[in-house]
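Open the model in your viewer and keep the sequence panel beside it. This tour goes stop by stop: what to select, then what is there.

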Amino acid sequence: MIDHSCSCEDNPLIPKICVVSDVIEETPDTKTFRIQTVDGKKPFLPKPGQLAMISIFGVGEAMFSITAQGEDYIDSAIKKVGVLTEALHSISPGQKIGVRGPYGNGFPIEGLEGFDLLFVGGGIGLAPLRSLIRHSLENRKNYGHIDILYGARSPEDLVFKDDLFENWTKQPDTIVHVTVDKADAVWDGNVGFVPAYLEELAFQPRNRKVIVCGPPIMIKYCSESLVRMGFDKKDVITTLEMRMKCGIGKCGRCNIGSKYICLDGPVFTLSELDDLPDEK
């Protein structure tokens, strides 16, 4: 006999039907999708750094960072890199999608309170950082001085430009540093790779926590730079990018040693990463 007593709400593997209420073009290959339930509510209450599994029925699903949230929505910035993301980029407001979540451990908000914060992002890596930056600025009295260092391949590839050049620069005791790998004819900011700019700015480790997110090669070189600059590995936080399938630690796709990235991550300190075996 089939038991019909278990509803979709009881099964974490069944997506909740949601609606894309707005689509914002960030760059030529990155869009922000504003997501609500069909009755105009927030799908769930995520912590900064947590993830959502987003699906288009008949195409597939994948895990994406939640970049912001309001009283009745969550935002996710998605870069076009494959079949699912191309399908997402083709939709218009009103399109129904599937959403599961929230997943992951999120950033250690309480553990960052009372410290100066240095955010280091590259490319679409600013997306997961944005949720924590917004939280820190909305709860400004809980944190010390804030520096935001962000870089992209070109000025055209910079995401969240309103935040970088308007919203965040107006906040008290907050400095935004932006760099690009290659300038265009009108760019008058810094030109250079993020790790080099990080060392040039010479941030001091005293009473400062660092949160890094970006392409794996950028995280690697920024981590090495931070260690050379005197930062303790326990004070450097990053996100581990791995392919996650189920999101609830059942499929084993994201297992490394004793850790499941979807459950124990994606947020780790560098000292925690040192304890993990190398990925195969």
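**Before you start**

This is a predicted model, in which local features need pLDDT of at least 70 and side-chain atom pairs count only at pLDDT 80 or more, while totals for chains, interfaces and linings use all residues. Residues are numbered from 1 along each chain as its sequence is written, and side-chain values use heavy atoms, with hydrogens and water left out.

**Stop 1: the domains**

Colour residues 7-103 as domain 1 and 109-239 as domain 2. These bounds come from an automatic or database domain assignment. The two centres, taken over C-alpha atoms, are separated by 25 Å. Now show the contacts between them: 16 residues of domain 1 touch 16 residues of domain 2. Contact means heavy atoms within 4.5 Å.

**Stop 2: the open sheet**

Switch to cartoon. Helices (H or I, at least four residues) and strands (E, at least two) are DSSP runs, numbered from the N terminus. Trace the open sheet of seven strands in the order S11-S10-S9-S8-S12-S13-S16. Its pairing is mixed. Two strands pair if DSSP finds at least two bridges between them. The edges are S11 and S16 (267-269), each of which pairs on one side only.

Next, select S12 (208-213) and S13 (236-239). They run parallel, joined over three bridges. Pick Val 212: its bridge partner in S13 is Thr 238.

**Stop 3: helix H5**

Select residues 194-201, helix H5. Which of its residues are buried? They are Val 194, Pro 195, Tyr 197 and Leu 198. They lie on the same side of H5, because they cover an arc of only 165 degrees around the axis. The arc is that of the directions from the helix axis to the C-beta atoms. On the other side of H5, Ala 196 and Glu 200 are exposed. Buried means under 20% relative accessible area, exposed over 50%, and partly exposed in between (1.4 Å probe, protein chains only).

What covers the buried residues of H5? The cover includes strands S8 (116-122), S9 (146-152), S10 (174-180) and S11 (190-191), along with helix H6 (216-228). Step past the end of H5 to Ala 202, where phi is positive, near 55 degrees.

**Stop 4: salt bridges**

The whole structure holds 14 salt bridges. Each is a side-chain nitrogen of Lys or Arg within 4 Å of a carboxyl oxygen of Asp or Glu.

Start with Asp 29 and Arg 153, whose closest N and O atoms are 3.8 Å apart. Asp 29 sits in the loop between S1 (16-27) and S2 (30-37), and Arg 153 in the loop between S9 and H4 (161-167), so the pair ties together parts 124 residues apart in sequence. Asp 29 is buried, at 17% relative accessible area.

Move to Glu 61 and Arg 100, at 2.7 Å from N to O. Glu 61 belongs to S4 (60-65) and Arg 100 to S7 (96-103), so this pair links parts 39 residues apart in sequence.

Then pick Asp 235 and Lys 234, a salt bridge at 3.5 Å from N to O. Asp 235 is buried at 13%, while Lys 234 is partly exposed at 48%.

**Stop 5: backbone details**

Select Gly 101 and Pro 102. The peptide bond between them is cis, with omega near 0 degrees. Pro 102 is in S7.

Go to Phe 160, in the loop between S9 and H4. Its phi is positive, near 55 degrees. Phe 160 is buried, at 4% relative accessibility.

Asp 173 also has a positive phi, near 55 degrees. Find Asp 173 in the loop between H4 and S10. It is partly exposed, at 47%.

Finish at Pro 216 in H6. Pro 216 is exposed at 63%. Its C-alpha atom is 8.5 Å from that of Leu 240, 24 residues apart along the chain.
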